[in-house]
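Please read the following report alongside the sequence and the coordinates.

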Amino acid sequence: MLAGNGSLVTEFVLAGLTDRPELQLPLFYLFLMIYIITVLGNFGLVTLIGLNPHLHTPMYYFLFNLSFIDLCCSSVFSPKMLMNFICEKNIISHVGCMTQLFLFLFFVISECYMLTSMAYDRYLAICNPLLYKVIMSPRVCSMLSFASYGIAFAGASAHTGCMLRLTFCNANVINHYLCDILPLLQLSCTSTYVNEVVVLIVVGINITVPSFTILISYVFILANILNIKSTQGRSKAFSTCSSHAMAISLFFGSGAFMYLNRSESLEHGKVSSVFYTNVVPMLNPLIYSFRNKDVKIALRKVVVKVHSRFIS
């Protein structure tokens, strides 16, 4: 039966992370725990930043957006991923697959540029503190965040648009736990040359441009920190940037390994993709909250306020 968009396949089957029966239940509980921690952590940060006026600064504005992106991104694929571990066959429609692909790419690319905005914010805070509040005005912060979402929309549209022009014939088993670019290209009956060129260009731009910008920012930050004479000031500056540097390394490292290392098999690619799809969104709120004094103070105030209400 012919499907829409000129495709012979009306639905796909997600193969999941592994086909070994003895691992299905343990992995279900593991990834369910990861998803719960991700949702609670990111939703908690979004709520905490939104409700505390003293956290309404450029740094926390970008952190608010990063947590929102991680919350949405994990919710795009995690429910389907969890179904793989407990269902015999995890079916997703052609339209549902293309929608998941678009949303997943939109939030992943958004995160690339949100992390870049955060690096620029840290660069100004440490290297140009006197003009920091003037330069990082609410208008500039809004422009940077809207630019991140705008570039993400363009990138996701380019990938999804190219995917919709392909024809999928008899093979409909996606060797992945989500609808991602490379596993879908393997199922196409028609030439994927244009798609592969788009992957190299768009993914290359969305990894190299943010990575280069972040690297330049941190070179200036590191040079500035080394010029700080007081040990206390140097320690504070390192502490401010270490959380962000850790999150960046995990996200861009695993993303580049997945999409730009074409010699890697899809089986290994699935494992490496777990880092930027599951682990990074879970770790971000933990990294930024446990290593951040302002967040810990705000959280303590909320806990005290809630506790006092229950007692009264």
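## Terms and basis

A residue is called buried under 20% relative accessible area, exposed over 50%, and partly exposed in between, with a 1.4 Å probe and protein chains only. The model is predicted, so that local features need pLDDT of at least 70 and side-chain atom pairs count only at pLDDT 80 or more, while totals for chains, interfaces and linings use all residues. Residues are numbered from 1 along each chain as its sequence is written, and side-chain values use heavy atoms, with hydrogens and water left out.

## Disulfides

With a disulfide taken as a pair of cysteine sulfur atoms within 2.5 Å, the count comes to two. One of them joins Cys-97 to Cys-179, with an S to S distance of 2.1 Å, and this link is left-handed, with -125° about the S-S bond. Because Cys-97 lies in helix 3 and Cys-179 in the loop between strand 3 and helix 6 (181-185), the pair ties together parts that are 82 residues apart in sequence; helices (H or I, at least four residues) and strands (E, at least two) are DSSP runs, numbered from the N terminus. Both Cys-97 and Cys-179 are buried.

The other disulfide is formed by Cys-169 and Cys-189, whose sulfur atoms are 1.8 Å apart. Cys-169 lies in the loop between helix 5 (138-164) and strand 3, and Cys-189 in the loop between helix 6 and helix 7 (193-226), so this pair ties together parts that are 20 residues apart in sequence. Cys-169 counts as partly exposed at 22% relative accessibility, and Cys-189 is likewise partly exposed, at 40%. When the bonded cysteines of the protein chain are numbered in sequence order, the pairing is 1-3, 2-4.

Cys-73 is in no disulfide, and the nearest cysteine sulfur, that of Cys-72, is 8.6 Å away; Cys-73 counts as buried at 4% relative accessibility. Cys-162 is also in no disulfide, the nearest cysteine sulfur being that of Cys-97, 15 Å away, and Cys-162 is buried with a relative accessible area of 13%.

## Sheet and packed helices

Three strands form an open sheet in the order 2-1-3, with mixed pairing, where two strands pair if DSSP finds at least two bridges between them. The edge strands, each pairing on one side only, are strand 2 (90-93) and strand 3 (173-174). Strand 1 (residues 11-14) runs antiparallel to strand 2 and is joined to strand 2 by four bridges, and Val-13 stands opposite Ile-91 in strand 2.

Helix 3 (residues 94-127) packs on the sheet, touching strand 1, strand 2 and strand 3 (contact means heavy atoms within 4.5 Å), and its direction makes about 85° with that of strand 2. Helix 2 (residues 58-86) lies across strand 1 and strand 2, running at about 145° to strand 2. Axes are lines fitted to C-alpha atoms, for helices over the stretch in contact, and angles run from 0 to 180 degrees between N-to-C directions.

## Thr-116 in helix 3

Thr-116 lies in helix 3 and is buried, with a relative accessible area of 11%. Not counting residues up to four places away in sequence, Thr-116 touches Pro-210, Thr-213 and Ile-214.

## Annotated spans

UniProt, in an unreviewed entry, places the feature "transmembrane region" at several spans, including residues 91-109 and 197-225; such annotations may be inferred rather than shown by experiment. The end C-alpha atoms of residues 91-109 lie 26 Å apart, and the span is 84% helix and 16% strand. For residues 197-225 the end C-alpha atoms lie 41 Å apart, and the span is 100% helix and 0% strand.
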